Amino acid sequence: MVTIAAKKKDDVAALSTSSPSLKRAERVADRIVGDVMAMGWPAGEVLGCEADLLGRYRVSRAVFREAVRLIEHKQVARTRRGPGGGLIITEPASAAVLEAVVVYLYRVGAEPGELAEASRVLDQLAGVRPVRGRQAVALFRGVLARAARLYREGRLPDEAVFGDGGNGKLAQIIARQIASTVVRGGMRPGQFIGSERDLIERHRVSRAVFREAVRLLEHHRIARMRRGPGGGLFASQPGPDAVTDIAAIYLARRGGGLAGLAELAELSAALRAAAAGRPGRVLEFLALVFAGLSRVPGWPAADPI
């Protein structure tokens, strides 16, 4: 188990790699992650009811619920209604990392051959890494294998992006539909998708649901909302931040500690070198993710394995 008794909550919260410029809901989500880590991640326990947490984090109900949507998306906690309910701490699973990776691959138009080449490189690295590096390599080997299976089964992107359309929450479904518009339309970063009013009418949802969907799109750098005159939803430049964020949480929960940071930087350099002269979008992406993980501040020390 990850031990963090000697750490400050501010250090623990830095496991989420969001920058200070991100919106308030994402900063609240970062604080919730920090609180869960500081508690020792007691899966199944109630972090608090909504009324108590609104007071603790000093935000509006709308901002808090947007933050909770991100927390649920990262599989840190989930909402349980009724008596004894509240925000329930959950166990992060590699499925959250898989979804973040699939969303990125979908956005950049990665080909199956690129996944296969990246998998071969990770296979080569797996046997020569010390234990901490092996944890990260093993995670992404598994994720790429499952992503390749989705390609083969023809389930990418429609069923694999933002959850299962049959069971997913409405905000996830709307986020997937907008992501599909961006990708299938070949929209460039900065290209206008639509105004908030027009998109709400087009998708026939409430403003609250639409804004939850926008938070997911912003989190994955697929689109961003610009307020004011000439504002609306615009396509974004894809990046590895969302994957780094979720992978950091997953690995820290499973014992990835300070001992692994130098190894992660070495892995990033090895992946960059491997990308030279090869079909490299996936390799370059992995190099950026591992570089990001190596710079995560406040990474808690792990118990021996």
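User: In which helix is Ser-268 found?
Analyst: This is a predicted model. In the chain, secondary structure comes to 13 helices and six strands. Ser-268 is found in the helix covering residues 261–275, H12.

User: Is Ser-268 buried or exposed?
Analyst: The cut-off for buried is under 20% relative accessible area. Ser-268 has a relative accessible area of 2%, so Ser-268 is buried.

User: Which residues does Ser-268 touch, not counting residues up to four places away in sequence?
Analyst: Ser-268 sits in H12. With residues up to four places away in sequence left out, Ser-268 touches Ala-287, Phe-290 and Ala-291.

User: What percentage of the residues in the chain is buried?
Analyst: Buried means under 20% relative accessible area. The chain has 305 residues, and the buried ones make up 56%.

User: Among contacts between residues at least 6 apart in sequence, what percentage joins residues at least 24 apart?
Analyst: A contact needs heavy atoms within 4.5 Å. Of the contacts between residues at least 6 apart, the share joining residues at least 24 apart is 73%.

User: How far apart are the end C-alpha atoms of helix H2?
Analyst: H2 covers residues 24–38, which is 15 residues. At 1.5 Å a residue, H2 should span 21 Å. The model agrees, because the end C-alpha atoms of H2 are 21 Å apart.

User: How many of the residues of H2 are buried?
Analyst: The buried residues of H2 include Val-28, Ile-32, Val-33 and Met-37. Charged residues are among them too, including Glu-26, Asp-30 and Asp-35. H2 is mostly covered, and of its 15 residues the buried number is 11.

User: Is Arg-58 buried or exposed?
Analyst: Arg-58 is in the loop between H3 and H4. Phi of Arg-58 is near 55°, a positive value in a residue other than glycine. The cut-off for exposed is over 50%. Arg-58 has 72% relative accessibility, so Arg-58 counts as exposed.

User: Is H3 roughly parallel or roughly perpendicular to H4?
Analyst: The axes of H3 (residues 50–57) and H4 come within 10 Å and cross at roughly 100°. Angles of 65 to 115 degrees count as roughly perpendicular. So H3 is, relative to H4, roughly perpendicular.

User: How do the residues of the contact of H3 with H4 divide?
Analyst: H3 brings Glu-50, Leu-53, Leu-54 and Tyr-57 to the contact. H4 brings Arg-61, Phe-64 and Arg-65. The division is four nonpolar, no polar and three charged.

User: At roughly what angle do the axes of H4 and H10 cross?
Analyst: H4 spans residues 61–73 and H10 spans residues 207–219. Their axes come within 10 Å. H4 is oblique to H10, because the crossing angle is roughly 50°.

User: How many residues of the contact of H4 with H10 are charged?
Analyst: H4 passes H10 in a right-handed crossing. From H4 come Glu-66, Arg-69, Leu-70 and His-73, and from H10 come Arg-211, Glu-212, Arg-215, Leu-216 and His-219. Two of the residues are nonpolar and two polar, and the charged ones number five.

Note on methods:
Residues numbered from 1 in each chain as written. Predicted model: local features only at pLDDT ≥ 70, side-chain atom pairs only at ≥ 80, totals over all residues. Heavy atoms only, no water. Axes fitted to C-alpha atoms, helices over the stretch in contact; angles between N-to-C directions. Helix = DSSP H or I, 4+ residues; strand = E, 2+ residues; numbered from the N terminus. Parallel < 35°, antiparallel > 145°, perpendicular 65-115°, else oblique. Left-handed = near helix turned anticlockwise from the far one by under 90°. Expected span 1.5 Å × (residues − 1). Buried < 20%, exposed > 50% of the residue type's maximum accessible area, 1.4 Å probe, protein only.
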